[in-house]
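This report covers one predicted model, its sheet, its helices and its side-chain pairs. Please look over the sequence and the structure before reading on.

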Amino acid sequence: MGAEMLSEELERLLARGAPRSPDRDSLEAWGRAVGAALPRPAVITLAGDLGAGKTTLARALCAGVGVKNLDAVTSPTFSLVQQYDAPTGPVVHVDLYRLRSDAELDALGWDELVATASVLLVEWPERALQTLPAIAIHIALTHDPSDPERRLLRVVSPTRR
């Protein structure tokens with residue numbers, strides 16, 4: 001995915017179309033729309049504290065991409081890697097929370113995951129910052145201190161790095 005390959009719709013969703021303080025329904029609707037507009041291949045990082053909504057957003061992105069079994073989309077904290085079938089190729093969902101070294105990232109088969117996934121969703125991307133493609137779409141979620149039902153959302157798209 002090159003920045004030049006982002007559709008106008010995806011650019012709009014990542015910029016002005018991104019809800020800044022979404023409730024769960026708004027976050028899910030936005031995630032489905034982004035998933036539907038993603039080019040292939042695509043890498044999306046999901047950063048945020050525990051409970052910030054990363055897996056909720058991952059499930060919504062998977063719905064937009066066309067993953068049929070959304071019940072299978074759960075946090076891969078213990079399995080580290082999960083793969084879901086989608087019409088345009090596999091969606092790979094990784095959670096790097098438990099990784100502590102580059103050797104563990106290598107043992108996971110990181111380079112192959114990045115090279116072969118149709119869509120790669122990466123939770124806790126700070127564990128692999130040096131190895132992420134420059135064209136990744138970075139999404140950060142944080143708790144909204146003024147409203148526990150909302151999250152603060154920040155997007156850095158490939159063209160806005």
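## Salt bridges

Arg12 and Glu9 are 3 residues apart in helix H1 (residues 8-14), so about one helical turn separates them. Helices (H or I, at least four residues) and strands (E, at least two) are DSSP runs, numbered from the N terminus. The two side chains form a salt bridge, with the closest N and O atoms 2.9 Å apart. A salt bridge here is a side-chain nitrogen of Lys or Arg within 4 Å of a carboxyl oxygen of Asp or Glu. Arg12 is partly exposed at 37% relative accessible area. Glu9 is partly exposed too, at 38%. The classes are: buried under 20% relative accessible area, exposed over 50%, partly exposed in between (1.4 Å probe, protein chains only).

By this rule the count is 4 salt bridges. One of them joins Arg24 and Glu28, at 3.1 Å from N to O. These two residues sit 4 residues apart in helix H2, about one helical turn. Arg24 is partly exposed, at 48%. Another salt bridge joins Glu126 and Arg127, at 3.8 Å from N to O. Glu126 has a relative accessible area of 38% and is partly exposed. Arg127 is partly exposed at 27%. In general, side chains of opposite charge can pair when their charged atoms come close.

## Basis of the model

The model is predicted: local features need pLDDT of at least 70, side-chain atom pairs count only at pLDDT 80 or more, and totals for chains, interfaces and linings use all residues. Residues are numbered from 1 along each chain as its sequence is written, and side-chain values use heavy atoms, with hydrogens and water left out.

## The sheet

In what order do the strands of the open sheet run? The order is S2-S3-S4-S1-S5-S6, with 6 strands and mixed pairing. Two strands pair if DSSP finds at least two bridges between them. S2 and strand S6 (151-156) stand at the edges with a single partner strand each, so one side of each has no neighbour in the sheet. Neighbouring strands are turned by 15° against each other on average, direction ignored.

S5 and S6 run antiparallel and are joined by 6 bridges. Tyr84 has Val91 in S3 as its bridge partner. The S2-S3 hairpin has 6 residues between its strands, and Gly89 there takes a positive phi near 125°.

## Helix H3

Helix H3 (residues 54-65) has 12 residues. From first C-alpha to last, H3 reaches 16 Å, close to the 16 Å expected at 1.5 Å a residue. The expected span is 1.5 Å times one less than the number of residues. Gly66 follows H3 and has a positive phi, near 110°.

Why is H3 largely enclosed by the rest of the structure? Because 9 of its 12 residues are buried. Among them are Leu57, Ala58, Leu61 and Val65. Their cover includes helix H2 (24-37), strand S1 (42-47) and strand S4 (119-123). H3 lies across S1, S2, S3, S4 and S5, and runs at about 175° to S4. Axes are lines fitted to C-alpha atoms, for helices over the stretch in contact, and angles run from 0 to 180 degrees between N-to-C directions.

Leu46 is found in strand S1. It is buried, with 1% relative accessible area. Leaving aside neighbours within four places in sequence, its contacts (heavy atoms within 4.5 Å) include Leu57, Ala58, Leu61, Val122 and Ile139. The C-alpha atoms of Leu46 and Glu126 are 9.6 Å apart, across 80 residues of chain.

His138 lies in strand S5. Is it buried or exposed? His138 counts as buried, at 16% relative accessibility. Its side chain makes a polar contact of 2.8 Å with that of Thr45. A polar contact is a pair of N or O atoms within 3.5 Å; within protein, one must be able to donate a hydrogen and the other to accept it, and residues adjacent in sequence count only if both atoms are side-chain atoms. His138 also stands opposite Val156 in S6.
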